[in-house]
Amino acid sequence: ERMIASIPRETLGQRWQELIGPFYSANDIAAWRGVSRQNIHKLRSAGKLLAARPSNEKTLLFPAWQFGPEGQELPHLRDVVEQLGEAAPDEWAQALWLNQRTDRFGGRSAADLLKAGEVEHVLAAARSDAAGMAA
C-alpha cells in the first residue's frame, strides 16, 4: 500500500487504464442500457458486474471489457470471482486477472474466453490460482 501511495496519482491512473480500462461510470452504463443507475449497482451487488473504486474517490469504475456490444454482462463473472478467492482478493485484482492476456489462454484474456463460451477453462484456471495461494 505504501508503494502504491508513493506513485504519482496520474501515473497510477494511466497504468490502471492500460491494464484494465477503459472504464464506464454507473451513469454511463445506465444511459447506454436504458436502465436506472440503481439497477447497475444491484447488478454489481449480485456479482454480475465488476467495479472498483479509486482511492479517495466516490465514483465506481466499471471496466468496459466486461460488456458485450449491446451492453450485456460478461457471462459467469460471479462464478469466476468466487473461484478466485484470495488469488484476487479485491475488485482491482479481479479485474486485472480477468483482463490480462496470457499464454495460459493462448494470448487471450479470461474475459475473452468467457465471451467465447470457454467457461470451464477459465474456472479451472481460477481454481488453480486460488489453490496456489492456499499452498
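Reader: Of the contacts in the protein with a separation of 6 or more, what percentage do residues 24 or more positions apart account for?

Author: The model is a predicted one. It has eight helices and two strands, in the order α-α-β-α-α-β-α-α-α-α along the sequence. Among contacts with a separation of 6 or more, the share from residues 24 or more positions apart is 54%.

Reader: Which residues does leucine 98 contact, leaving aside its neighbours within four places in sequence?

Author: Leucine 98 is among the residues with the most contacts inside the largest core. With neighbours within four places in sequence left aside, its partners are Leu50, Trp65, Leu77, Val80, Ser109, Ala110, Ala111 and Leu114.

Reader: How many residues does the second, separate core have?

Author: This second core is separate, and its members include Ala26, Ile29, Leu49 and Phe67. For phenylalanine 67, the relative accessibility is 6%, so the residue counts as buried. The number of residues in this second core is 10.

Reader: Within what arc do the buried residues of H5 fall?

Author: The buried residues in H5 are Leu77, Val80 and Leu84. They line one face of the helix, because, seen down the axis of H5, they fall within an arc of 70°. An α-helix has 3.6 residues a turn, so residues three or four places apart point the same way. For H5, the arc of the buried residues is 70°.

Reader: Which residue follows H5, and what is its phi?

Author: The phi of the residue that follows H5 is positive. The residue is glycine 85, with phi near 50°.

Reader: How is the pair of tyrosine 24 and tryptophan 32 classed?

Author: The count of aromatic pairs comes to five. The rings of tyrosine 24 and tryptophan 32 have centres 5.5 Å apart and planes at 50°. Tyrosine 24 has a relative accessible area of 29% and is partly exposed, and tryptophan 32, at 37%, is also partly exposed. Since planes over 60 degrees apart count as edge-to-face and those under 30 as stacked, the angle of 50° makes this pair tilted.

Reader: How is the pair of tyrosine 24 and phenylalanine 67 classed, and how many residues apart are the two?

Author: The ring centres of tyrosine 24 and phenylalanine 67 lie 5.8 Å apart with planes at 65°, so the pair is edge-to-face. This pair links distant parts of the chain, with tyrosine 24 in strand S1 (residues 23–24) and phenylalanine 67 in the loop between strand S2 (62–63) and H5. Tyr24, Trp32 and Phe67 form one aromatic cluster. The edge-to-face pair is 43 residues apart.

Note on methods: Residues are numbered from 1 along each chain as its sequence is written. This is a predicted model: local features need pLDDT of at least 70, side-chain atom pairs count only at pLDDT 80 or more; totals for chains, interfaces and linings use all residues. Side-chain values use heavy atoms; hydrogens and water are left out. A nonpolar core is a set of buried Ala, Val, Leu, Ile, Met, Phe, Trp, Tyr and Cys residues joined through side-chain atoms within 4.5 Å. Buried means under 20% relative accessible area, exposed over 50%, partly exposed in between (1.4 Å probe, protein chains only). Contact means heavy atoms within 4.5 Å. Helices (H or I, at least four residues) and strands (E, at least two) are DSSP runs, numbered from the N terminus. The arc is that of the directions from the helix axis to the C-beta atoms. Rings of Phe, Tyr and Trp (its six-membered ring) pair if their centres lie within 6.5 Å; planes under 30 degrees apart count as stacked, over 60 as edge-to-face and the rest as tilted.
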